[in-house]
Amino acid sequence: MSGVPSRRVFMGTLAALSLAGCATLPTLSTPEPDETWPELEPLLSVTPGREALAIRVRSQGCAAKADFVFRVDRKRGRAVVAFARRRLETCRGPKGEATLAFSYAELGLSARDRIVVANPITP
């Protein structure tokens, strides 16, 4: 049995590698001048998570994920993502912010992607 790892060692190594892969998050990169569009919806923040990219937007109180569309363009080894409102908010709730999460799968992205968000960020 010398030189051959046991099943327990193999399973422990496999589990460690699996957990390491789960901790991988996409990288948010700084946009180049030709990768931004100031006419797009200004975002308050963009946060990469394990499963999704979360955007924070200003809201009249009823902003929903269904109110937004996105586009992903691949250029120079980066995924350039742009978000736009599908329709204006017409509700009259308390003004504030909304956080909307878009899964990497629905965006067509993976944890290895270098992501650039084309929207202006205005804190």
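**Notebook: the protein and aspartate 113**

I looked first at contacts (heavy atoms within 4.5 Å): of those in the protein between residues at least 6 apart in sequence, 77% join residues at least 24 apart. I note that this is a predicted model, where local features need pLDDT of at least 70, side-chain atom pairs count only at pLDDT 80 or more, and totals for chains, interfaces and linings use all residues. Residues are numbered from 1 along each chain as its sequence is written, and side-chain values use heavy atoms, with hydrogens and water left out.

I then read the elements, which are DSSP runs numbered from the N terminus (helices: H or I, at least four residues; strands: E, at least two). The protein has 2 helices and 7 strands, in the order α-β-β-β-β-β-β-α-β along the sequence.

I located aspartate 113 in the loop between α2 (104–107) and β7 (114–117). Aspartate 113 counts as buried because its relative accessibility is 13%, with buried meaning under 20% relative accessible area (1.4 Å probe, protein chains only).

I looked up its polar contacts, pairs of N or O atoms within 3.5 Å; within protein, one must be able to donate a hydrogen and the other to accept it, and residues adjacent in sequence count only if both atoms are side-chain atoms. The side chains of aspartate 113 and arginine 74 are joined by one of 2.9 Å. The aspartate 113 side chain also reaches the backbone nitrogen of serine 110 at 2.7 Å.

Finally, I checked strand pairing (at least two DSSP bridges between two strands). Strand β5 (residues 78–85) runs parallel to β7 over 3 bridges, and valine 80 has valine 116 in β7 as its bridge partner.

Definitions and conventions. Buried < 20%, exposed > 50% of the residue type's maximum accessible area, 1.4 Å probe, protein only.
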